[in-house]
Amino acid sequence: MSFMQRLAEQFRKPEGLAGRVVSLLMERGNRAANEWTLSLLGLGDADDVLEIGFGHGAALALALERSPGGRVAGVDFSETMVRQASRRHAAAIAAGRVRLYLGDLGSLPESESFGRIFAVNVLYFFPDAAAFAQALHARLKPGGRVALFIRPEAELRRMRFPATGGVFRFFAPAEVEALLLGAGFQRAWSETRIVSGGQGHCILAER
């Protein structure tokens, strides 16, 4: 396996010491995207929020700030990231405001549903994007909103490693909108802006 493919795999699923280093890069690189995505979610004071692929846990902290009376949950399939975020949010977990799960959406308790769900730079890694959209719809409360941040294909290819080894799947906003509408969402739309020196898309949908 080439260095570029190993790097792509670490961005998909950070593990071990290398994963912790990659998580620091992601925390820095995703900061503006996290803030923008959360601003588009329309969080209220007491929303239940889920982040998919929470990694280092920085966006969970932002969600806690923006919904001070709500609860925040996260699911991630990297044990390294779950341990890291659990340490970071130990006090909030003890207070019952944060719940972290290892796995994917299917790993959550059946009783779990949310008014707001978001994911930043995660969609690329789902082998079945249509099934993922359906799982989002199933976990979102009626009237709730989903926000999915992605980078354009051209931006990702410039970084080289996302185009290596088939780890990343590239999406256009219209393609993601169609997937969400096909999963049963009532409406879907996209916002685009310059984020951290490059273009970013946030695809939103409401149930």
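Start by selecting Leu 25, which is found in helix H2 (residues 16-41). Helices here are DSSP runs of H or I with at least four residues, strands are DSSP runs of E with at least two, and both are numbered from the N terminus. This is a predicted model, where local features need pLDDT of at least 70, side-chain atom pairs count only at pLDDT 80 or more, and totals for chains, interfaces and linings use all residues. Residues are numbered from 1 along each chain as its sequence is written, and side-chain values use heavy atoms, with hydrogens and water left out.

**Stop 1: a surface patch**

Leu 25 has 46% relative accessibility and so counts as partly exposed. Buried means under 20% relative accessible area, exposed means over 50%, and partly exposed lies in between (1.4 Å probe, protein chains only).

**Stop 2**

Next, select Glu 9 and Arg 12, whose side chains meet in a salt bridge (2.9 Å, N to O). A salt bridge is a side-chain nitrogen of Lys or Arg within 4 Å of a carboxyl oxygen of Asp or Glu. Glu 9 and Arg 12 are 3 residues apart in helix H1 (residues 3-12), so about one helical turn separates them. Glu 9 is partly exposed at 25% relative accessibility, and Arg 12 is partly exposed at 29%.

**Stop 2: aromatic rings**

Which residues form one aromatic cluster? Select Phe 11, Tyr 124, Phe 125, Phe 161 and Phe 168 to see it. The structure holds 7 aromatic pairs. Rings of Phe, Tyr and Trp (its six-membered ring) pair if their centres lie within 6.5 Å; planes under 30 degrees apart count as stacked, over 60 as edge-to-face and the rest as tilted. The rings of Phe 125 and Phe 168 have centres 4.7 Å apart and planes at 70 degrees, so this pair is edge-to-face. Phe 125 lies in the loop between strand S4 (114-120) and helix H6 (129-139), and Phe 168 in the loop between helix H7 (153-158) and helix H8 (173-182), so the pair ties together parts that are 43 residues apart in sequence. Phe 161 and Phe 168 also form an edge-to-face pair, 6.0 Å centre to centre with 75 degrees between the planes. Both Phe 161 and Phe 168 are buried.

**Stop 3: Glu 206 and its partners**

Finish with Glu 206, which is buried at 18% relative accessible area. The side chains of Arg 145 and Glu 206 meet in a salt bridge (2.5 Å, N to O). Arg 145 lies in strand S5 (residues 140-150) and Glu 206 in strand S7 (residues 198-206), so the pair ties together parts that are 61 residues apart in sequence. Glu 206 also forms a salt bridge with Arg 187, the closest N and O atoms being 3.1 Å apart. That pair links distant parts of the chain, with Arg 187 in strand S6 (residues 187-195) and Glu 206 in strand S7, 19 residues apart.
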